[in-house]
Amino acid sequence: MEKTNNSVIILAAGVGSRLKSRFPKVFHKIGGLSLLDHVIKTAKDINPKEIVIVLNPKYENVELEFGVHTKKAYQEVQKGTADAVACGLNVLDSGESGWVYILYGDIPLVSSETLLKLTEISQKYEKAAVVVLAMDSSDTQELGKLESAEEEGTIKGIIEAKDIFDFDKVIPLCNAGLLIKKNLLKRFIKEIKPSALTGEFYITEIVRLAHKAGYVCRYHEGDKNELLGVNTKSELALIEKIFQERERKKHMENGVTLIAPETVFFSHDTYLENDVVVHPYVVFQGNVCIKSGAQIGPFCVVEGATVNNAQVGPFARLRTGANIKNKAKIGNFVEIKNSTISEEAKVNHLSYIGDTNIGKNTNIGAGTITCNYDGFKKHKTIIGENVFVGSNSALVAPVRIDDNAIVGAGSVIVEDVENGALSIARSDQKNIQNWSKNFRERKKCAE
Ligand code: UD1
Ligand code: CA
């Protein structure tokens, strides 16, 4: 898609005191991705010429996943959204043409389709100077409320809830973002006066100024589920819920089977192919790829892992770098980290496998642990094909077990095992005849 002549300014310099957190609001996460990153990601989808993020200079080093190819502006003192937009404008190219989207960094679920609707309206109505993204606000007295003008679909002002005396003046719609003609934004932003009540400069005042100067300001009502903002921890949880519902629907539409969708949780980047079956109570954290045919059993937690056409769970934990190949089986209470489990290999019960390669068709007995950490460094365990590791073995890395070898149950393996060998590393069993009978008689006499 070609770049448009539009730009985006994302406002993210506020502290968000209502969250009562040490971290600024826009760095809180939905689906494992910061609120701000959600907005940047969507802004990129509409291919603007430039994206500027207005940040608080205290957080200039915070990492953003979608931060590349964006510009940063810093607002020293949080004097309000108009001041933040002014900071953003200083960083945009100096041209006068095109339109500027003003997006709020705390409205994470706004979609690119909705943003493009605003552009459509700006093109349809020649005289439009501002297009406000509106949302139903009949159930809240907060936010910036729209004041309608005579012509249908147009407004003459936005009144911030903190400043409203007279609710009869406004309609039950509020502002959730704006698209403004760049030359007019530059002209009118200089005329915005601080609110008499709060002392803040509101970008929403642009509507009143443009209307007074004879320009038309329109609005488009978007889906409320997309446009809710995060101001409190309850709103953060509500938006997470909406996000999860959206992801479940998306995956099911792509052919994934979710047996109890409401119990499965996704990260923003979870990749699931069609014909994956996800059983109840599964949590996907970041960077997961599950290929067609895989079965993820109940109560699994999966992060940073790739699962091919294999079976995982119930009660398995796959961590970063777990790569489960076709027809492998990972069973209950098994944790796998940074390890490849090859085709048809099985780790079925109560195991920890870390920094390990397991070859094809190898069976790892119940309770086997790879001891990959010596308190200072992590070491590798290499297990070949067709190996059988008996239950409750400890494989002390670095160590290698070659193809076809067998390890006796309960072994502590500290040295390499050759191809086809049997290794038993446990104390010999001693049976003492009649010992228990004599012991019990001795004890009885002593009573
Ligand atoms: C704002 C809008 C309101 C709209 C609502 C939608 C204004 C004046 N109000 O109100 O019309 O209905 O969002 O959710 O625009 N920010 C800065 N610098 C500042 C102040 C804020 O960058 O000096 C950023 C914040 O980080 C935040 C966004 O702007 O991401 C909105 O600020 P917030 O204080 O949450 O505004 P609301 O009262 O929600
Ligand atoms: Ca807000």
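How much space lies in the largest pocket? About 1200 Å³. A pocket here is an open set of points on a 1 Å grid over the protein atoms alone, where a 1.4 Å probe fits, with protein on both sides within 12 Å along at least five of seven lines; lining residues have an atom within 4 Å of a point. The volume is the space filled by probe spheres set on the points, which are joined across faces, edges and corners.

This is a predicted model: local features need pLDDT of at least 70, side-chain atom pairs count only at pLDDT 80 or more, and totals for chains, interfaces and linings use all residues. Residues are numbered from 1 along each chain as its sequence is written, and side-chain values use heavy atoms, without hydrogens and water.

The pocket lining has 44 residues, with R18, K25, D106, K162 and N231 nearest the centre. Elements giving two or more residues to that lining are β1 (7-12), α2 (81-91), β10 (173-181), α6 (224-227) and α7 (233-253). Helices (H or I, at least four residues) and strands (E, at least two) are DSSP runs, numbered from the N terminus.

Next, the sheet. Eight strands form an open sheet with parallel pairing, in the order β14-β17-β20-β23-β26-β29-β32-β35; two strands pair if DSSP finds at least two bridges between them. Its edge strands, β14 (271-272) and β35 (399-401), each pair on one side only. Between β14 and β17 (residues 289-290) there are two bridges, and Y271 is opposite C289 of β17.

Last, the domains. An automatic or database assignment sets the bounds: domain 1 is 7-227 and domain 2 is 255-423. Their C-alpha centres are 47 Å apart.

Methods:
Chains lettered and ligands numbered in written order.
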